[in-house]
Number of protein chains: 4
Amino acid sequence: MTPPGPTTPTNGSTTHWVLTIVCADRPGIVHAVSGAIVESGGNITESQQFSSDDTGTFFMRLQVQSAVDRAAFELHLAPVVARYGMDLTLDVVGRPMRTLVLVSTAAHCLNDLLFRERAGQLPLEMPLVLSNHPQLSGLAEFYGVPFESRAVTSPEQKAEFEARVLDAVAEFDIELVVLARYMQILSPELCDALAGRAINIHHSFLPGFKGANPYRQAHARGVKLIGATAHFVTSDLDEGPIIEQNVVRVDHSRTPAELMAIGQDEESRTLTQAVTWFAEHRVLRDGARTIIFK
Amino acid sequence: MTPPGPTTPTNGSTTHWVLTIVCADRPGIVHAVSGAIVESGGNITESQQFSSDDTGTFFMRLQVQSAVDRAAFELHLAPVVARYGMDLTLDVVGRPMRTLVLVSTAAHCLNDLLFRERAGQLPLEMPLVLSNHPQLSGLAEFYGVPFESRAVTSPEQKAEFEARVLDAVAEFDIELVVLARYMQILSPELCDALAGRAINIHHSFLPGFKGANPYRQAHARGVKLIGATAHFVTSDLDEGPIIEQNVVRVDHSRTPAELMAIGQDEESRTLTQAVTWFAEHRVLRDGARTIIFK
Amino acid sequence: MTPPGPTTPTNGSTTHWVLTIVCADRPGIVHAVSGAIVESGGNITESQQFSSDDTGTFFMRLQVQSAVDRAAFELHLAPVVARYGMDLTLDVVGRPMRTLVLVSTAAHCLNDLLFRERAGQLPLEMPLVLSNHPQLSGLAEFYGVPFESRAVTSPEQKAEFEARVLDAVAEFDIELVVLARYMQILSPELCDALAGRAINIHHSFLPGFKGANPYRQAHARGVKLIGATAHFVTSDLDEGPIIEQNVVRVDHSRTPAELMAIGQDEESRTLTQAVTWFAEHRVLRDGARTIIFK
Amino acid sequence: MTPPGPTTPTNGSTTHWVLTIVCADRPGIVHAVSGAIVESGGNITESQQFSSDDTGTFFMRLQVQSAVDRAAFELHLAPVVARYGMDLTLDVVGRPMRTLVLVSTAAHCLNDLLFRERAGQLPLEMPLVLSNHPQLSGLAEFYGVPFESRAVTSPEQKAEFEARVLDAVAEFDIELVVLARYMQILSPELCDALAGRAINIHHSFLPGFKGANPYRQAHARGVKLIGATAHFVTSDLDEGPIIEQNVVRVDHSRTPAELMAIGQDEESRTLTQAVTWFAEHRVLRDGARTIIFK
């Protein structure tokens, strides 16, 4: 999924590129990659790598200052990519990622994404917010983001909503779909269509609780930590590869409603963190795990 | 379980008492208790209370400076205790709690308990460490604590071990049993016999994992937080009321062995914290929950 | 500073009151207070107390369910208040506190206050935002809060701005002034006029740094933790009683600009936490210290 | 300071090497280093790098599986080292670092170092503990570490103690000196002699406090966070490059003595963490900053 980024340098005469590389692990990869970069006249400013013993896969993320344009850079890299069978992405550092946000009625996650994007802390471009409820239109509009809502109360409506999601993904050339407390289960087909580019947030407890009203269960059991997990969407509900987790301490005096408010704060910051890393090409997948190059 | 503490003041002419009170919630309890304390000449130096909406129970912990001895103090309190049907404990602040420690082969939790007791940070008196393995005898002996080991590899040996636990509880008038990584499942009978005075520690993950080798499972799923939970022992394995929990952040580069080492650190500090609060009469039970008066 | 709250019960036939009591410490206070409450027909639902060894002062915060109105409640409490020379406040739980917010150009703290107030998590009523710059007017207006800006670039303008602050405090019967990244030093006269009811936020480092551009200094020294401190405003710049502090971990790869962005997050959540506790009457002053009844 | 490690492979037919590289930053370094490693038949298993904008310095840490011995490996690397003017260290992963520990009377840091070394979590070899007090001899002896004490109550005794430090450094070929709550100020001469290989731990507060009894000052100011900083020893007292910092939350109810106990826990874990990273060659110096390759 190499994004169709700028083809000419963007920063005066040099561009700051970000590369990610995934391939089968074997000796010589770093040398080959760095050789191609040196030949192209590029200078490596940041580099992280990881060899997974679980899957025998090699992962690398590089930032490179270079005066060449995209076509020339790709030409330099092509032989190495071919030789090692690499999955390569090449993007410009800081380019806003085209993101579709799905919400229902809870505002906390959407507000955090919008505010931070506006503050320049989150490299996102949000052409649309889609919701199954109308409540959050005002918030989206304040930040100048188009908002559409359509009810999802029947299988037909659900199919229509999901068709609209796929339309919007195509229409806006969407690279990331964020489920910012979207309270509908996605169909397996949609999960597959968005595999690797949809991120969900949900609450997390120690120990975990199944079934309805987990905050009430957590209260009943007297848990001392509640938190949130951001993960890739898969058709295994809430079981996709984990991107980020946070917890916060609570005590016996908290009501279930207070636990929920506290949990929502963790949801916001955990989701925003996961989205930021994804938009910066810092999240790579290794089977059921994620490699996070912070 | 009022401990047979000193019957006369221990601190010059005044004693620093700690009281815990549990009873059905109704108006006037605080006034009645404080009235009895004022009449006895005592001065309240610390007070915490909580009314549980879940069970309609009232909980209170007080520290009181008083010149009266135990018998006189109890005489002053008796009418209030009777009137409200209170479950009262009365102890001297800082009195070491008589504690039996059960271990297997892992040293980290035992070492932390022994070191902190020696450092004066943990009000425990440990007359005995019991183990199903001989490995930790040297550690116990360094700190001057008697150590017994007996193998548990058959149902008969298990019954003998548990009989020795109950004997030791009786022999040393034990108030608290700490399972400091004791890797045998206690029989339901022993769980019942120790109900409310046995604390266990186990690892915790977000999400939870069932079955063998949880650290390997956590690694496979790529969890970002691992932790530990200290809880009361009940016959529901690892499901007793939670006393304390902690987590620590990990990343993709950690091996299962490293996750285990990190998890052990959390186990030590979480268990020590739970034991400290218990020994200071700061842990009260409210059904499946705990009230922690920190 | 007893606020002129409602004089009749607000919650059907009963009101949920919050009381704070400060007086010289001596035996019998708790008994006397609880007696007055029992006589008035009230039921204590939450109670915290602390005796300061530093100043010999007794602090208490109570929540009480009661069917009486304010006048009747105060009548019941009056003899105890007189006898112990108490500083008493009596308010209704959850009543929004009338708050004046001062800002300059940074949006993060103001946004967090407005969003959480709207979400029902922060019991504030904000009749006005005052600024020395016009930039944040749109944000305030989105949340329906009046916004005034006037430049502060000369001593005369500063005096006028501060006069407007005092006018607004009087006009709106302000109980709390929040300096949400207001980047002007208040005059000693204004600090005195707002003593005990103005809260400021500033960045914090380990170790501390004096002088301009502390984030650059923190970067140069390679600090691993950066944070924020919320404190009462006093004429000793940034040295008032501390209400809340937080830190977050950073590493060598962060630029000074990134350190600043991270620090701003800590500022937002620390200020909002401090303001929440203040609005809930959980912050009491003990000389240069604060007592926080969480 | 390349340690005189094993000259032949240690792990069957291959050795797991750790390299650190520091040199002036310029294009091509990674390619040149990886080329030399590939030529030598090595496989890079872990790699981290950082380019400091502050000093124009390039930092790299690599782990390499290789079948060659030290002499052959160094021969392969020599041209690259010469060409880039590299400061290179080459060691075997996990080799225990020869460490001299200095203590006074507080046991907490020493106990943590000894227990974790014994548990296999800390790659240290401790041939000697030196103290200006005799109290901790039993603890060192339990772990089988020789202990020497000599009083330091006069300038002459201080000079003798420091001479013994330098003797021990030479005698045991010491690579790291740990001041584990050694409560004497080192002379500038000793600081210089140990530059870059001596680590100290001290308490940290927000804000910082100068002068005697900082815990009492922190209490008086009502700080909410206390912590610890591990740093390199320099002749600027407590101002050396920071390696690691931690804080923990406290509240108004803590006495100065309790603050000290809490602070000591942070000291232990912070010092042990810093020492672990140093022993694993993860700590590099960049002027007044440290680069930590976790």
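Contact here means heavy atoms within 4.5 Å. Keep that in mind as you click through this predicted model, where local features need pLDDT of at least 70, side-chain atom pairs count only at pLDDT 80 or more, and totals for chains, interfaces and linings use all residues. Residues are numbered from 1 along each chain as its sequence is written, chains are lettered from A and ligands numbered from 1 in the order in which they are written, and side-chain values use heavy atoms, with hydrogens and water left out.

**Stop 1: chain A, two helices**

Select residues 29-39 of chain A, helix α1, and then residues 70-84, helix α2. Helices are DSSP runs (H or I, at least four residues), numbered from the N terminus. Their axes come within 8 Å and cross at roughly 165 degrees; axes are lines fitted to C-alpha atoms over the stretch in contact, with angles running from 0 to 180 degrees between N-to-C directions. α1(A) and α2(A) are therefore roughly antiparallel (over 145 degrees).

Now show side chains. On α1(A), pick A:I29, A:A32, A:V33, A:A36, A:I37 and A:E39; they meet A:F73, A:H76, A:L77, A:V80, A:R83 and A:Y84 of α2(A). That contact has 9 nonpolar, 1 polar and 2 charged residues (Ala, Val, Leu, Ile, Met, Phe, Trp, Tyr, Cys and Pro count as nonpolar, Asp, Glu, Lys and Arg as charged, the others, Gly among them, as polar).

**Stop 2: where B meets A**

Bring in chain B. The contact takes 32 residues from chain B and 32 from chain A. Together they bury about 2,900 Å², 49% of it on carbon and sulfur atoms (accessible area, 1.4 Å probe, lost on being put together, summed over both parts). Look for 2 salt bridges between these chains (a side-chain nitrogen of Lys or Arg within 4 Å of a carboxyl oxygen of Asp or Glu). One joins B:E244 to A:R249, with the closest N and O atoms 3.0 Å apart.

**Stop 3: C and D**

Move to chains C and D, where 32 residues of chain C touch 32 of chain D. The buried area is about 2,900 Å², with 49% on carbon and sulfur atoms. Zoom in on D:E244 and C:R249, whose side chains form a salt bridge (3.0 Å, N to O).

**Stop 4: inside chain D**

Finish with helix α3 (residues 108-118) and helix α8 (residues 256-279) of chain D, which pack at about 45 degrees with axes 9 Å apart. That angle makes α3(D) oblique to α8(D).

Notes:
Parallel < 35°, antiparallel > 145°, perpendicular 65-115°, else oblique. Buried area = accessible area lost by both parts, 1.4 Å probe.
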